[in-house]
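Biologist: Could you walk me through the charged side chains in this one? I would like to go pair by pair.

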Amino acid sequence: MRPSSCSWIASSTSLSSADVASSSTRIGAFLSTTRAIATNSEEDRFEGVTESDVIVYRREFSSTNHDLYVYTWAGNASTAVAVTSDRENYLASLSTGDFVYERFVNGDQSMDIVVYSVTGASIAALGETGADDFTFQAVLSDDTVVYLHETSTPVLYAHPASGSAVAVATGNAPVFKQ
């Protein structure tokens, strides 16, 4: 790295440009390859990167139809996660590389919570009951997904990575809202 190309780094540190250039600590990376991962006539938007370095992006066909896709650098391929007439949005990554997304179902106007398995290329709905809404709350350090089942008497659930959901609390909706 040339010292002259490090002036912007040096100006924000106590190091000189020459010190930054000779430092064993580097900021950023030199990339030798650039790939276009989403090229089509629809609107593609970056959603996130999972713990296993899989890129998640959303293809918007309309304001009510968003489909999720994943891209793997090693395979240089995109795979559809959910291709429906509904609206899917990425929410959070699990330590396994799998991720959580929400699905707004146009037919019954409900919100579902779904986990996508990157390795199995499959989905598992955590919260999905007719016209009820499920609202994502958090992912815990052990990959337990916490979500709210919004009904006349809301229920807060914790769904571990392996096993069934457990009702954590029942009560007033405002208590659980973030």
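**Salt bridges in the model**

Modeller: Gladly, and please keep in mind that this is a predicted model. Asp-44 is partly exposed, with a relative accessible area of 24%.

Biologist: What does the side chain of Asp-44 meet in a salt bridge?

Modeller: The side chain of Asp-44 meets that of Arg-59, with 2.8 Å from N to O. This pair links distant parts of the chain, since Asp-44 lies in strand β1 (residues 43-49) and Arg-59 in strand β2 (residues 55-62), 15 residues apart.

Biologist: And is Arg-59 buried or exposed?

Modeller: Arg-59 is buried, with a relative accessible area of 12%.

Biologist: OK, moving on, which residue forms a salt bridge with Glu-47?

Modeller: That is Arg-58, and the closest N and O atoms of Glu-47 and Arg-58 are 3.0 Å apart. Here too distant parts of the chain are linked, with Glu-47 in strand β1 and Arg-58 in strand β2, 11 residues apart.

Biologist: Why do you call Glu-47 buried?

Modeller: Glu-47 counts as buried because its relative accessible area is 18%, and the cut-off for buried is under 20%. Arg-58 is buried as well, at 13%.

Biologist: Which residues are linked in a network of salt bridges, then?

Modeller: The network links Glu-43, Arg-45, Glu-47, Arg-58 and Glu-60.

Biologist: Last one: how many salt bridges are there in the whole structure?

Modeller: A search of the whole structure gives 6 salt bridges.

Conventions: Residues are numbered from 1 along each chain as its sequence is written. This is a predicted model: local features need pLDDT of at least 70, side-chain atom pairs count only at pLDDT 80 or more; totals for chains, interfaces and linings use all residues. Side-chain values use heavy atoms; hydrogens and water are left out. A salt bridge is a side-chain nitrogen of Lys or Arg within 4 Å of a carboxyl oxygen of Asp or Glu. Helices (H or I, at least four residues) and strands (E, at least two) are DSSP runs, numbered from the N terminus. Buried means under 20% relative accessible area, exposed over 50%, partly exposed in between (1.4 Å probe, protein chains only).
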